[in-house]
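Let's take a friendly look at how side chains meet in a protein model. Keep an eye on rings and charges as you read.

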Amino acid sequence: MNKDSQEFKKMIYELMNGFITDEAAAMSDVLGVHNEFKKGKMFECSERLYGAKDRVYDKLGVDDDPDIEIMLDCFETITEELCYKMYDYGMKFAKEQYTEE
């Protein structure tokens, strides 16, 4: 799989976020990319985010709110796109480093 491909970037993203597919799980140990939400700061932030969502639902007296879901979906989309862009920049700068030496 080409490391510049969108498919490869998506697999890295899925591994980091714990969205493990069979293919991604097989590559996890090979690539050394693991679920970043198992522990630490991102796990704690994720718990706080979804805890806050539940508390807002309780305050509204509802089980679901489409506006809150839109906000969370947009946040996830923005985060995913930023991750892909960061990967692209990392590849770009790594290639530039090797051409300068």
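The text below covers aromatic pairs and then salt bridges.

This is a predicted model, in which local features need pLDDT of at least 70, side-chain atom pairs count only at pLDDT 80 or more, and totals for chains, interfaces and linings use all residues. Residues are numbered from 1 along each chain as its sequence is written, and side-chain values use heavy atoms, with hydrogens and water left out.

Rings of Phe, Tyr and Trp (its six-membered ring) pair if their centres lie within 6.5 Å; planes under 30 degrees apart are stacked, over 60 edge-to-face and the rest tilted. The structure holds four aromatic pairs. In one of them, the ring centres of Tyr 13 and Tyr 84 are 5.7 Å apart with planes at 65 degrees, so this pair is edge-to-face. Tyr 13 and Tyr 84 are both buried (under 20% relative accessible area; exposed is over 50%, partly exposed in between, with a 1.4 Å probe and protein chains only). Tyr 13, Tyr 84 and Phe 19 form one aromatic cluster.

What about charges? Side chains of opposite charge can pair when their charged atoms come close. A salt bridge needs a side-chain nitrogen of Lys or Arg within 4 Å of a carboxyl oxygen of Asp or Glu. The whole structure has six salt bridges, including these:

| Salt bridge | Closest N to O |
|---|---|
| Lys 95 and Asp 4 | 3.0 Å |
| Glu 14 and Lys 10 | 3.8 Å |

Lys 9 is buried at 8% relative accessibility, whereas Asp 88 is partly exposed at 30%. Salt bridges also link Lys 10, Glu 14 and Glu 80 in a network.
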